[in-house]
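Let me take a few minutes for this one. Please have the sequence and the model open while I talk.

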Amino acid sequence: MRYEILEQRHIDECATGFVAAYENEPWTFERAREYLEDLFKTPRSIGFCAYENDLFVGAVFCREIVGSQFNRLSIEEFFVIPSMQRKGYGNALIDVVRRHVCNNDLGAITLMTERDNPAITFYEKGGFSNVEGMAFLADKTM
Ligand SMILES: CC(C)(COP(=O)(O)OP(=O)(O)OC[C@H]1O[C@@H](n2cnc3c(N)ncnc32)[C@H](O)[C@@H]1OP(=O)(O)O)[C@@H](O)C(=O)NCCC(=O)NCCS
């Protein structure tokens, strides 16, 4: 695997890969592109795209969040195209993120996902764990 630091020119192939990775959700290419471009344009955003030869395999979109004592890296989006899942590319991308965190003296890597997402097994095997005491709220009356 080789990787490239995420740039604007990668957004279209990321959107195509994203729609494929979330095939059970009604994403269109246009909405995926809009969503990912917004993430990319967030202040302090950093991301990485993975390739096998010239095939786009997946990407991780992150942003650095300033804290009172240290900054942390938040994984905002992360996916591997279905045909290349379970081949180690997800772990390889997380390794790239970890190297970035070490090289930039960031305090932690954090992320949010749905509790029943199979990706939780992936993260837990990679050393992530649930943060007790945190709550994620939504007002569903709107
Ligand atoms: C989560 C995701 C990025 C993992 O990428 P991947 O390339 O398949 O991950 P890896 O091949 O490096 O997996 C490493 C290990 O994690 C675990 N794992 C990965 N995907 C899993 C799944 N769907 N269910 C259970 N365990 C899983 C396995 O133990 C795997 O090792 P194994 O294949 O030897 O058993 C990928 O499944 C994906 O894109 N999912 C859809 C989008 C998504 O949910 N993204 C996360 C949003 S927070």
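Which residue in β3 is the bridge partner of Tyr51? In β3, that partner is Phe56. Before going on: this is a predicted model, where local features need pLDDT of at least 70, side-chain atom pairs count only at pLDDT 80 or more, and totals for chains, interfaces and linings use all residues. Residues are numbered from 1 along each chain as its sequence is written.

Helices (H or I, at least four residues) and strands (E, at least two) are DSSP runs, numbered from the N terminus. β2 and β3 run antiparallel and are joined by 8 bridges. Strands pair if DSSP finds at least two bridges between them. The open sheet has 5 strands in the order β1-β2-β3-β4-β5, with mixed pairing. β1 (2-5) and β5 (109-111) are at the edges, each with a single partner strand, so one side of each has no neighbour in the sheet.

Now the core, meaning buried Ala, Val, Leu, Ile, Met, Phe, Trp, Tyr and Cys residues joined through C-beta atoms within 7 Å. Buried means 20 or more other C-beta atoms within 10 Å of a residue's own, with C-beta atoms placed from the backbone. The largest nonpolar core has 27 residues, and Phe18, Leu36, Ala59 and Val60 touch the most other members. α1 gives the largest share of this core, 6 residues.

Last, the ligand. It is surrounded by 19 residues, the closest being Gln85, Gly90, Asn91, Pro118 and Ala119; the cut-off is a C-beta atom, placed from the backbone, within 6 Å. α4 gives the most to this shell, 4 residues.

Terms used. Buried ≥ 20, exposed ≤ 12 C-beta atoms within 10 Å, placed from the backbone.
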